[in-house]
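I opened the notebook to look up a helix packing, a few loop residues and the ring contacts. The entries follow in the order in which I looked.

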Amino acid sequence: MLVKTYGSAVYGVDAITITVEVNVMKGKNYFIVGLPDNAIKESLQRIESALKTNGFLMPRIKLLVNLAPANIRKSGSAFDLPIAIGILAGSGQLKNLDLLRQLVIMGELNLDGSILPLKGALPMAIQARKEKFKGFVVPRSNGGEAAIVNKLTVYPVSHIREVVEFLDERKPIDPIDPDTRRDFFSTQYRFDIDFRDVRGQQNIKRALEIAAAGGHNAILIGPPGSGKTMLAKRLPTILPPLSLQEALETTKIHSVAGKLQPDSMLIARRPFRSPHHTISDMALVGGGGLPQPGEISLAHNGVLFLDELPEFRRSVLEVMRQPMEERRVNICRAKMSIDFPASFMLLASMNPCPCGFYNHPERACSCPPGAVQKYLNRISGPLLDRIDLHVEVTPVGFNELSSADQGESSEIIRNRVINAREKQNKRFSDQTGIYANAQMDSSLLKKICMIEKAGTVLLKSAMEKLNLSARAYDRILKVSRTIADLEGKDDIKTEHLAEAIQYRSLDRESWAG
């Protein structure tokens, strides 16, 4: 008897519906065709144990399983459940076949019939709704993310017996019906850390506020123990909240990568990813035989923090250059090409030299001549080109550390950032793919970042006296536009330019002289 069930396979951040055809017929041996990987080929062993353990029969005649379309490679163990249900239906152990045609079924089986979680439940649910399936049978721990999709009934299951009893209409399964919007908006501002935890460092807090307001990439340069990492971890607390569309994009990526917590739903806060400096090129940008998202995609709509930037291999840093410009990464293989979103804020930190004390106000640098420039040269010019703010971090003095005074909270700073972003949303409302000042191209820069005569004189003087390189010009204009937005000004004033100029430390030719 030939029976069809329906599953789903994830490619990139989207899914494709897979028809699982099971034919129980005369002959011998079991076969799975349709470009399955080894995990799928092994599924019949798991399925046989699960069926027999729960009192079902495994056919002892020829069993042919086809995963269609057959020209697409399938991978993973989540096809266990649709194949097992197909075998039960094909061998006459399931009677109600009408319901099978209306469901997408996915899940990995343990030998006792219990069902394990899978990756990519959210894009699978989106595709199931798109193809007008009425329901999605999914492992219980993936039920929350699948239930994000409206107009699709999600049936969470923990064991194959539940699925059989449901399909035979002997025992119903309660579908998940969450209040997604309420849960999403109630957790947007729940942070365990806050900017008021940081003593002193007002100039660094100001720089990070500017970075958050304009979506600017930033690098913190300072000695060990000056608070660079502590400040960086608090950047997400002052970023504007995710919109529902941004949250859905971000959750899809984390679902595909298997990074969502059990029973989780929409990601409500902007992601903060901080990979170790030993990371490989593939782990950073994504890849693999069946490409998976890397750290830059997991940081989509959030922050990618690279601590001790010069310690990363140069090849790893260089592969970020194109994704930083295009805000997506394309992974190409011989038989496929997959796009992953990669719109992130880059925040980096570094010591000023190998010993860490170059330009320190109290301790002398012990590095030999030329070591500072050699250390800085580990970061290429084209990468520094893409970083708008270079912020020098100095150690906090004892008086500030011991003071009982608390600085501004993240909420107060965040409100200013949100107001500045709203001005930018109006400014770029007729532009495609541009939402913040940092994303402006040269033509928009000339149109939007007009400066008065006094500002032109100041900028020219600064570039000559501070030996600023030519690449600093555009960055200064973008940052000054953001500073003006934070103050609610329509025009860029001289004081805005003056503040922006101080954030180009690494462009000074005297920096490592």
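**Source.** I am working from a predicted model, in which local features need pLDDT of at least 70, side-chain atom pairs count only at pLDDT 80 or more, and totals for chains, interfaces and linings use all residues. Residues are numbered from 1 along each chain as its sequence is written, and side-chain values use heavy atoms, with hydrogens and water left out.

**Helix packing.** I looked up H8 (residues 202-214) and H21 (residues 472-486), whose axes come within 9 Å and cross at roughly 95°; the axes are lines fitted to C-alpha atoms over the stretch in contact, with angles from 0 to 180 degrees between N-to-C directions. The two helices, H8 and H21, are therefore roughly perpendicular (65 to 115 degrees; under 35 is roughly parallel, over 145 roughly antiparallel, the rest oblique). Helices here are DSSP runs of H or I with at least four residues, and strands are E runs of at least two, numbered from the N terminus. On the H8 side I noted Arg 206, Glu 209, Ile 210, Ala 213 and Gly 214, which meet Val 479, Thr 482, Ile 483 and Leu 486 of H21, a contact being heavy atoms within 4.5 Å.

**Loop residues.** Asn 351, in the loop between strand E17 (345-350) and helix H15 (371-376), is buried at 11% relative accessible area (buried is under 20%, exposed over 50%, partly exposed in between, with a 1.4 Å probe and protein chains only). Leaving aside residues up to four places away in sequence, Asn 351 touches several residues, including Pro 223, Pro 224, Lys 228, Glu 308 and Tyr 375. I also checked Lys 151, whose phi is near 60°, a positive value in a residue other than glycine, and which counts as exposed at 78% relative accessibility. The peptide bond from Ala 68 to Pro 69 is cis, with omega near 5°, and Pro 69 lies in the loop between strand E4 (62-68) and helix H3 (80-90).

**Rings.** My search of the whole structure gave 4 aromatic pairs (ring centres of Phe, Tyr or Trp, the last by its six-membered ring, within 6.5 Å; planes under 30 degrees apart are stacked, over 60 edge-to-face, the rest tilted). In one of them, Tyr 6 and Phe 133 have ring centres 5.3 Å apart and planes at 55°, so the pair is tilted. Tyr 6 and Phe 133 are 127 residues apart in the chain, and both are buried.
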